[in-house]
Amino acid sequence: MRKNIGADGSGVNLNTVLVVGAAVGAYFFVLKPILEATGIKSTAEEEAAKKQATQLENTGIWDPVTTLSKKYPKGTIIQLLKAAEADQLAKNIYDAWGTFNDDEDQIYAQFNKIRYQSQVSSIVDAYRKAFNQDLQTRLKSGLSESEFNQIVTIISRKPSGISK
């Protein structure tokens, strides 16, 4: 066994250093990219999107308007959409679902049209009334995780629309 002597006189096994270095390199340059590509390990971007999704769920924007308004004290101002506008956005989302292929860009466009996070609640109401489906559930079942995360990102960039 060959040892190199350090400046402080400690013995360092060169073979151990090479093996540990190769293992670390293999993880970061081979194994980690494979795990992320196969979805076994989340990327930092996916983890950030999951955190955003949890934060949005805690605000109640995926709830119907009546439930959302109960989460905040009396006198809280919640920015909502007019019924006709919410109905149109809900219809546009519904129309984006295809038999074999969905129009994700059309879905993203509807969320880009709103000004506040709280306005999602208006679309949730309109979608449920028109199509008897929960919008968040439909989005999660019809889109991939990364496509749903794109919607979360679009919504997260907007001001909350809830003020006291």
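Me: Why is Q150 called partly exposed?

Reply: The model is a predicted one. In it, Q150 has a relative accessible area of 33%. Buried requires under 20% and exposed requires over 50%, with partly exposed in between.

Me: Where is Q150 placed, and how far is Q150 from Y108 in sequence and in space?

Reply: Q150 belongs to helix α8. Q150 and Y108 are separated by 42 residues in sequence, while their C-alpha atoms are 7.7 Å apart.

Me: Which residues make the contact of α5 with α8, and how do they divide by class?

Reply: From α5 come E104, I107, Y108, F111 and N112, and from α8 come E147, Q150, I151, I154 and I155. By class, the contact has 6 nonpolar, 2 polar and 2 charged residues.

Me: What makes α4 roughly perpendicular to α6?

Reply: The axes of α4 (residues 83–95) and α6 (residues 120–131) come within 8 Å and cross at roughly 65°. The range for roughly perpendicular is 65 to 115 degrees. The stated angle falls at the limit of that range, so α4 is roughly perpendicular to α6. This crossing is right-handed.

Me: Which residues of α4 and α6 meet, and what classes do they represent?

Reply: In α4, the residues are A86, D87, L89, A90, K91, I93 and Y94; in α6, they are S122, I123, A126, Y127 and F131. The contact of α4 with α6 comprises 9 nonpolar, 1 polar and 2 charged residues.

Me: How many helices and strands does the protein have, and in what order do the elements run?

Reply: The protein has 8 helices and 4 strands. From the N terminus on, the order is β-β-α-α-α-β-α-α-α-α-α-β.

Me: What share of the residues counts as buried, and what is the accessible surface of the protein?

Reply: Of the 164 residues, 34% count as buried, the cut-off being under 20% relative accessible area. The accessible surface comes to about 10300 Å², and carbon and sulfur atoms account for 54% of that surface.

Key. Residues are numbered from 1 along each chain as its sequence is written. This is a predicted model: local features need pLDDT of at least 70, side-chain atom pairs count only at pLDDT 80 or more; totals for chains, interfaces and linings use all residues. Side-chain values use heavy atoms; hydrogens and water are left out. Contact means heavy atoms within 4.5 Å. Helices (H or I, at least four residues) and strands (E, at least two) are DSSP runs, numbered from the N terminus. Ala, Val, Leu, Ile, Met, Phe, Trp, Tyr, Cys and Pro count as nonpolar, Asp, Glu, Lys and Arg as charged, and the others, Gly among them, as polar. Buried means under 20% relative accessible area, exposed over 50%, partly exposed in between (1.4 Å probe, protein chains only). Accessible areas come from the Shrake-Rupley method with a 1.4 Å probe; for residues, only the protein chains shown count as cover. Axes are lines fitted to C-alpha atoms, for helices over the stretch in contact, and angles run from 0 to 180 degrees between N-to-C directions. Angles under 35 degrees count as roughly parallel, over 145 as roughly antiparallel, 65 to 115 as roughly perpendicular and the rest as oblique. A crossing is left-handed if the near helix is turned anticlockwise from the far one by less than a right angle, and right-handed if clockwise.
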